[in-house]
Amino acid sequence: MAEGNIGTLAQKIGTSEEAVRFVISLLLGYPLAIFQRLFLTKAPPTAYHVYYTLAGLSIMYFNFGIATYHSALSVIVNWALLHLLGGSFRSVVLSFIYNMGTLLLHYYLLGTTTYVINFTTPQCVLTLRLIGLAWDIYDGTKSPEKQSESQKKVVLNRSPTLLEVSGFVYHFGGLMVGPQFPMKQYLFSIGVLTSAEEKPPISIMLALQKLATGVVYLCLFTLQTIYLPDDYMISQGFEDLDLLSRWGFVFIWGRLFVCKLVGVWLISEGACIICGLAYTPGSDGNPSRMDACQNMKVVSYELSGSPDELIQSFNISTNTWLLSYIYKRMRFLGMRLVSHVVTLSYLGIWHGLLSGYQAAFLFEVAWVRGARELEEMARRVPVSRVLSAAGVRIVRWVALAFRWLFTWTIFGYMLVPFALLVADKWIKVYTSLHWIGHLLIGGVLVMSVVVRSFARRRATGRGVEMTSPQTVTQSSASSKTAQTFVTMATESKTTSWNIANVSDDSSDDETTTKNSCVQEDILEKQEDTVTQNLVAAYLGPSQTQLLDKFVWEKGENVRH
């Protein structure tokens, strides 16, 4: 009877029965969280682990039936692995191989060519969660001096019990779509809930605000499925539109398409707030907060005018996970651009084996770099020397509007392969759009290389003219130092991508990293031209020594 009602509801809404069950599962998190806060207030930690496990298994069975055993098997295998080898690097490797291997095997066996909701949806969430758990236990074996600040917040000094792992995986607050949270946060929330001293507030109003906002976003997504369906972009009607109308469709479609992700993340976060998982205690006089499971900053997201701003406010927990467990672990590669490509390639594979995922995330690499280069070149336009103060303000407002429009247009363009997935489909749409997005970003990157090359040659020429006969030898050495300085400085700026806008504090070389971050901050705030920076190399031996020291520090992080 219930299945018939769900099917009828799905038909009325115009969506699939799987999608209706999925949303119901997210909404169930609210009564489950309220029940927990009302009736488990004096229960021991074991009761919480059992409650989360039973609730999560029930939700999984409601959605996927017998296929729930896939997640249960992952829990048992990972617990056994950590119990036997936890704390060793072998446990990290084996955890990665098993969790990613089973996920990719399921992708391959299912062989779907469109996005469908099945047991791999929560499986990909627990894959990251369990891989991160193995890393946290491994990092916990290091001495505190070798742990970075970010690692100290999540490391574990022991392997968890089977009941702790199952409660961690099946917690209804992050079971279906996340957010990602470490085991330490999970255990901390239970410790606080069972403590007689401090208990997190229930924060019903804040949770309902998240719920209401999430529902609004899901309603907007419903409008997209009805009036702007994905398949319309591969229809003859789309091709019959003029080029500007096609781009307008992609812009509006992209804004609505991503609303489903924002909506489900916000609804899930509300359940985490009520149950106490999102609790962050106050420190240094600051009040406590309920943002440990925050996955969206809605206002910042809607006003984003660059890919960096968008990334910082969108899918925060997954971006933080990628930063901590993939991007920073790639330091041995020696170039941040390579780490960036590896990280987003992994993100694409984690989503699925279809080509659309890789096409979308690899385009993001070029988009992030191109947007930074474009903003850097725009900063060097001497607007204040040409226009009055009022004119400058007008230009800035126009520039902000253009940045917002450009960012969201390219974002929608990037989402085309992410939605259509199959190469024949997304290539057809990009062809109808004349690949303008790729040409724009590629043109910016090429132009930035030309501008930097021209600036280096011009600055080197000026340096030779400034050299007197008595200082030929010194100037020759300074010229080499200055050229190296420009190469490394510009390369470090263009490759210093950060997924969540968090400084790279890997424990491999903490001192060098901090020095490099300080130098990058100086470069970002520098208002002078590259030529003016180069001229400083010829002002005397002290300047040359300073630049030599800077180049050495940068050389620890960037390889050419």
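Trainee: Which residues are linked in a network of salt bridges?

Mentor: This is a predicted model, in which local features need pLDDT of at least 70, side-chain atom pairs count only at pLDDT 80 or more, and totals for chains, interfaces and linings use all residues. Residues are numbered from 1 along each chain as its sequence is written, and side-chain values use heavy atoms, with hydrogens and water left out. A salt bridge places a side-chain nitrogen of Lys or Arg within 4 Å of a carboxyl oxygen of Asp or Glu. The network links Asp139, Lys142 and Arg329.

Trainee: How many salt bridges does a search of the whole structure find?

Mentor: Side chains of opposite charge can pair when their charged atoms come close. For the whole structure, the search gives 15 salt bridges.

Trainee: Is glutamate 164 buried or exposed?

Mentor: Glutamate 164 forms a salt bridge with arginine 158, with the closest N and O atoms 2.9 Å apart. Relative accessible area decides the class: buried is under 20%, exposed over 50% and partly exposed in between (1.4 Å probe, protein chains only). Arginine 158, at 43%, is partly exposed. Glutamate 164 has a relative accessibility of 9%, so it counts as buried.

Trainee: Which residue forms a salt bridge with glutamate 375?

Mentor: Glutamate 375 is partly exposed at 26% relative accessibility. Its side chain meets its partner at 2.9 Å, N to O, and that partner is arginine 403.
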